[in-house]
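Student: I have a structure open and want to go through it with you. Can we start with the terms and then move on to the fold?

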Amino acid sequence: MRPRLLALLVALAAGLAHAPAEAQTAGPRGLNGTTWTTSRVPGDLAGLGEDLRMRGVAGVLLFRDPRYQNQLLPCDDSAALEKIQRRFAEKEERFWNSRLTIRGFDHVRLVTTNPYNQNLIPRRFCTARAVLSDGRVRRVDYAILEDQGIIGATYGVEWCVTGLDRGRSFDPSCRMARP
């Protein structure tokens with residue numbers, strides 16, 4: 001099995017090292033093809049053959065288009081809300097020695113989408129009411145950001161529970177978590 005893997009890696013490296021002559025034409029800013037042009041979205045099905053020819057298998061699998069696609073989860077998406085619940089419980093237990101958790105959300109609503117500039121990281125600002133395990137209801141302000149999760153492979157969520165920002169990350173009173 002190892003000789004096959006080694007042979008595959010050698011073939012892949014040889015394919016990337018000896019790119020076809022047409023791939024070495026002058027690219028953007030005259031860099032002789034050392035950077036990928038963003039004139040179209042790499043990875044779309046129409047240009048997959050061209051992507052493979054120009055960047056090789058490793059380039060297609062490992063490197064994505066640097067532009068954002070403006071694909072954001074809706075505010076009431078269960079994945080984003082569950083991520084907030086999970087991280088809130090983890091933070092309370094780990095740093096504040098508290099068993100406080102979020103039991104559920106209601107009154108989830110969109111505040112705004114991309115309020116600053118269309119050329120920045122796409123983000124959707126939302127607000128909701130959270131029912132906590134102590135019976136209190138608190139406001140949660142959160143933002144869903146495109147490609148800001150682990151290694152940029154998925155969405156990211158920044159959130160703040162009003163009155164429980166003990167680290168003062170979003171002071172005053174979670175204002176910095178809102179647009």
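Tutor: Buried means under 20% relative accessible area, exposed over 50%, and partly exposed in between, with a 1.4 Å probe and protein chains only. On that basis 29% of the 179 residues of the protein count as buried. This is a predicted model, where local features need pLDDT of at least 70 and side-chain atom pairs count only at pLDDT 80 or more, while totals for chains, interfaces and linings use all residues. Residues are numbered from 1 along each chain as its sequence is written, and side-chain values use heavy atoms, with hydrogens and water left out.

Student: How many helices and strands does the protein have?

Tutor: Three helices and four strands, in the pattern α-α-α-β-β-β-β along the sequence. Helices (H or I, at least four residues) and strands (E, at least two) are DSSP runs, numbered from the N terminus.

Student: What order do the strands of the sheet take?

Tutor: The order is 1-2-3-4 in an open sheet, with antiparallel pairing. Strand 1 and strand 4 are the edges, each pairing on one side only. From one strand to the next the twist averages 25 degrees. Two strands pair if DSSP finds at least two bridges between them.

Student: And how many bridges join strand 1 to strand 2?

Tutor: Eight, and the two strands run antiparallel. Within that pairing, Arg109 stands opposite Thr127 in strand 2.

Student: Switching to the core. Which residues touch the most other members of the largest nonpolar core?

Tutor: Ile84, Phe88, Ile102, Phe105 and Tyr142, out of 20 residues. Helix 3 (78-96), strand 1 (102-113), strand 2 (123-132), strand 3 (137-145) and strand 4 (156-161) each give two or more residues to this core. A nonpolar core is a set of buried Ala, Val, Leu, Ile, Met, Phe, Trp, Tyr and Cys residues joined through side-chain atoms within 4.5 Å.

Student: What does Ile84 touch?

Tutor: Leaving out residues up to four places away in sequence, Ile84 touches Ile102, Phe105, Val140, Tyr142, Val157 and Trp159. Contact means heavy atoms within 4.5 Å.

Student: Now Asn114. Where does it lie?

Tutor: In the loop between strand 1 and strand 2.

Student: Why does Asn114 count as buried?

Tutor: Because its relative accessibility is 11%. Asn114 touches Asn70, Ile121, Pro122 and Arg123, again not counting residues up to four places away in sequence. A polar atom of the Asn114 side chain lies 2.9 Å from the backbone nitrogen of Arg123.

Definitions and conventions. A polar contact is a pair of N or O atoms within 3.5 Å; within protein, one must be able to donate a hydrogen and the other to accept it, and residues adjacent in sequence count only if both atoms are side-chain atoms. Axes are lines fitted to C-alpha atoms, for helices over the stretch in contact, and angles run from 0 to 180 degrees between N-to-C directions.
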